[in-house]
Amino acid sequence: MDYRDTAEEARFRSGLRSWLAASIPPGWEDVTDARERAAIDKRWQQALYRAGYMGMSWPPEYGGRGLSPVYDAILVEEMSLADAPPFSVNVNYLGRAMWTHGTEEQKRRFLPMILSGDAMWCQGFSEPEAGSDLGSLRTRAVLDGGEWVVNGRKLWTSRSPTADWCLLLARTEPDVAKHEGISCLLLSMDTPGVEARPVYLSNGEPATGEVYFDGARVPADQLLGARGDGWKIALTALAVERGPGDVGYISKYQRSLRELEALTRSGRSSADPELRRRLAAAYVRGEAMRLTYLEQLSSRAVGHPTGPEGSVAKLLWAEAEQTLNQVAMDLFGADSLTGREPRWLSQYLYSRASSVYGGTAQIQKNILARRVLRLPR
Amino acid sequence: VFALLTDEQQMLRAAAASVASDVAIRNPRDLESRDPELAWTRLAQAGLLDLRSGPDAMAPEASGVEVMIVAEELGAVLAPVPYLGPAVMATELLRLTGSLGAWSGGGTAKRVSVLLRADLSAIATYDAVDEALVFDSRGVDRVLCVSRADGHGELLCLDHAELEPLDSADPTRGIARIVEAGEPDAVAVPPGALDRWLAQSLVAVSADLIGTMRGALAGVVEYARTRVQFGVPIGSFQAVQHLCAEAHVAIQATRSLTQYAAWAVDELDAGPALLAARAAKANASRVARPVCETVMQVYGGIGQTWENISHFYLRRALLDRQLLGDEDAQFDAIADVRLA
């Protein structure tokens, strides 16, 4: 057991740190236009790829470096500490779904493009009538003259308005049990009959999206896996590497906490004994999240990918994010409500989504109860 | 980074669990029928009482992680053994002050425990000996306290103290007060030693709490699988499932914090080691009471009876929660560091 970097990890970290300091595009955080931001994110991922920092733990035959998952974690951590633009968080689980289920030809065609940032992807899973009950999705794909014809609507499709490609779940076998009738298609967002629109969340930001499919045609060789494999593929994508560390949330949390602590130290906000305790509790929650993640990483490194136990990290994440933002609102008091601290109001409102996206807190508890605690159905 | 137990540590866990199962309290009658010294003897035979009190006081053979492992396994079965007081808190104080040989006869020849303030929140000072309490007092020969709370004074050893047992809320561990103290022996406390001691002690108490919560939850989850109402096991109801899942998350978070703090005991400077230990104890104390109360709730009516084991878990959790400071005490201390 050792919570410190090994010598190689430390070398990698320091090289990465210098590269980041020299390479982060200045002023990127001030860009508010969604398309402009998407362009910056794309160039940034391309730069990371050229510098050898993408796909640290991917198999070398598909453009990766074949290193331990610890290196992925160091990358995300240092990027967040350096205030770098995030790279698309779906790269790792899209990649995993692809190299687990794709044909050799699909892997050669799509994997380098996912990694290099040349094509940005979104994930067409949820629908208006298929949220927590994803298996009941209704978007249909019907084979017609060597092409799949897609009709339906996807919701909560983050980054869809700017994405180039979509990993799409659609019902291809209407007559079998609901989880067995789903297939997975790789669809270009340029396809005629595809329309993506932003969805504005409670803070007024276009943080996610929806996609309409009206007779969109997908070549038959862009079916991932076999007909009916969609549910299996979705589980692969959903189970892999979506912890708070994988998506860079832990460093973001620590930055927010440090900001609130500095504010309290400087006396700019009222810190009565109760708020001091709540800030200390927020520190403890952040540590719990960080340390849970380090254990998951270590398990992955010895070949035990996170299974249903990953729901613990998601629940800790949502609780930490939501209580931290409540503390922030209370620290700022009326200033967060009268337009003086708009960023914290926005962040607070967005924090309400953290117990919904990626599977609601209630679904996570169902998973833990049934699959970890083995309580009966 | 490698944040998992090593193979040897896994083996120690298995060994400790095996000893613990021999001395487990599975129902309240076990406490009355059991020879109170059995657990101590079994742990001594297995070498689990002197993990850190080998000949080289500056380089203990076992790390804080091994201490954590044993404490958790003992907590999980409500082992009625004075492990935390004598085998961890007193031994660590003696080791850090170089007085193991002089005051405990080396190893476990003399049973030594610690004197805590009346609110159990810290080691007691000698001037408050009248109100102070001996923790884990069962079979104790000698008691340790300090001359000053700030760590700059001396460690004092009270020999031949006359003890009067009190009604501990937790019948698996004894609490006593000192009737007659006598003149203490004294030895200097090296700089920083009291912080190091506190880090190790908080880790051990947190680990006992993890075990306590784990044991309590495992029992009621098993019960929920078999108890039938409305024609189905109560564990199939989402309301019951979510209570159990929340308890599981609380335990896992505490475990991650405690494992890091246990590693930090020997690997980090005293300041960061103590901060990590306080974070662990803060979380353990914060969640322990609701987790054990949840367990009583899921048992339903039977969980409210004397014969059901769950109130013994709750009682042990209540005492541990208070030991060396509850969550508010830890949060205040953490805030003092983070907001200084």
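**Figure 1. Helix 8 of chain A packs with helix 11 of chain B in this predicted model**. The two helices, residues 273-301 in helix 8 of chain A, meet at an angle of about 85 degrees, and their axes lie 8 Å apart. Axes are lines fitted to C-alpha atoms, for helices over the stretch in contact; angles run from 0 to 180 degrees between N-to-C directions. Helix 8 of chain A is therefore roughly perpendicular to helix 11 of chain B (65 to 115 degrees). Chain A contributes A:Arg276, A:Arg277, A:Ala280, A:Ala281, A:Tyr283 and A:Val284 to the contact (heavy atoms within 4.5 Å). From chain B come B:Asp328, B:Phe331, B:Asp332, B:Ile334, B:Ala335, B:Asp336 and B:Arg338. Ala, Val, Leu, Ile, Met, Phe, Trp, Tyr, Cys and Pro count as nonpolar, Asp, Glu, Lys and Arg as charged, and the others, Gly among them, as polar. Helices are DSSP runs (H or I, at least four residues), numbered from the N terminus.

**Figure 2. A:Arg277 forms a salt bridge with B:Asp332**. Their closest N and O atoms are 2.8 Å apart. A salt bridge is a side-chain nitrogen of Lys or Arg within 4 Å of a carboxyl oxygen of Asp or Glu. Six salt bridges are counted between chain B and chain A.

**Figure 3. The side of chain B that touches chain A draws on several helices**. Helix 7 (193-226), helix 8 (238-267), helix 9 (270-299) and helix 11 (327-338) of chain B each supply at least two residues. Helix 8 of chain B gives the largest share, 16 residues. By class, this side has 25 nonpolar, 12 polar and eight charged residues.

**Figure 4. Chain B and chain A bury about 4300 Å² between them**. Carbon and sulfur atoms carry 64% of it. Buried area is the accessible area (1.4 Å probe) that two parts lose on being put together, summed over both. In chain B, B:Val1, B:Arg338 and B:Leu339 lose the most area to chain A, together 19% of what that side buries.

**Notes.** Residues are numbered from 1 along each chain as its sequence is written, and chains are lettered from A and ligands numbered from 1 in the order in which they are written. Local features need pLDDT of at least 70, side-chain atom pairs count only at pLDDT 80 or more, and totals for chains, interfaces and linings use all residues; side-chain values use heavy atoms, with hydrogens and water left out.

Methods. Parallel < 35°, antiparallel > 145°, perpendicular 65-115°, else oblique.
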